[in-house]
Amino acid sequence: MSKETVDTAVLGEKILRVIKTIYDPEIPVDIYELGLIYDVFVNEDLEVKILMTLTTPNCPVAETLPLEVEEKVKSINEVKNAEVEITFDPPWTQELMSEEAKLELGML
């Protein structure tokens with residue numbers, strides 16, 4: 001009578017893999033490497049909350065990018081629900097970008 005358990009660490013990896021397929025339309029780097037994802041929470045009910053930011057508050061994809069993240073994360077079988085919360089605290093800076101992203105953009 002054991003309920004099937006999902007390893008949240010493995011699910012977290014799956015979520016990150018999906019997030020890494022989402023790109024800022026103006027920059028050829030995925031949103032994870034850009035440092036736009038601040039945190040990913042998965043609770044016991046397999047509901048996901050993603051805390052993310054945008055490069056600027058008036059980013060052209062401010063309306064669509066969070067929805068794309070939600071939809072793609074919701075498409076993972078184990079995920080029951082996904083919600084994206086946008087924050088500008090702390091504001092995004094180029095310091096948040098991974099070495100890989102900086103290299104891709106010729107900043108190293």
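A residue counts as buried when its relative accessible area is under 20%, exposed when it is over 50%, and partly exposed in between (1.4 Å probe, protein chains only).

What you're looking at is a predicted model, so to speak of local features takes a pLDDT of at least 70 and side-chain atom pairs count only at 80 or more, while totals for chains, interfaces and linings use all residues. Residues are numbered from 1 along each chain as its sequence is written, and side-chain values use heavy atoms, with hydrogens and water left out.

## The overall layout

The C-alpha trace spans about 55 × 25 × 20 Å along its principal axes.

## The core

The largest nonpolar core has 27 residues, and I31, I50, M52 and V73 have the most contacts inside it. Such a core is a set of buried Ala, Val, Leu, Ile, Met, Phe, Trp, Tyr and Cys residues joined through side-chain atoms within 4.5 Å. Its largest share, four residues, comes from α1.

Take M52: beyond its neighbours within four places in sequence, its contacts (heavy atoms within 4.5 Å) include I31, L65, V69 and V84.

## A look at T53

T53 sits in the loop between β2 and α2. Buried or exposed? T53 is buried, with a relative accessible area of 0%. Leaving out residues up to four places away in sequence, T53 touches G35, L36, Y38, T87, F88 and W92. A polar atom of the T53 side chain lies 2.7 Å from the backbone oxygen of T87.

Key:
Helix = DSSP H or I, 4+ residues; strand = E, 2+ residues; numbered from the N terminus. Polar contact = N/O pair within 3.5 Å; in protein donor to acceptor, adjacent residues only side chain to side chain.
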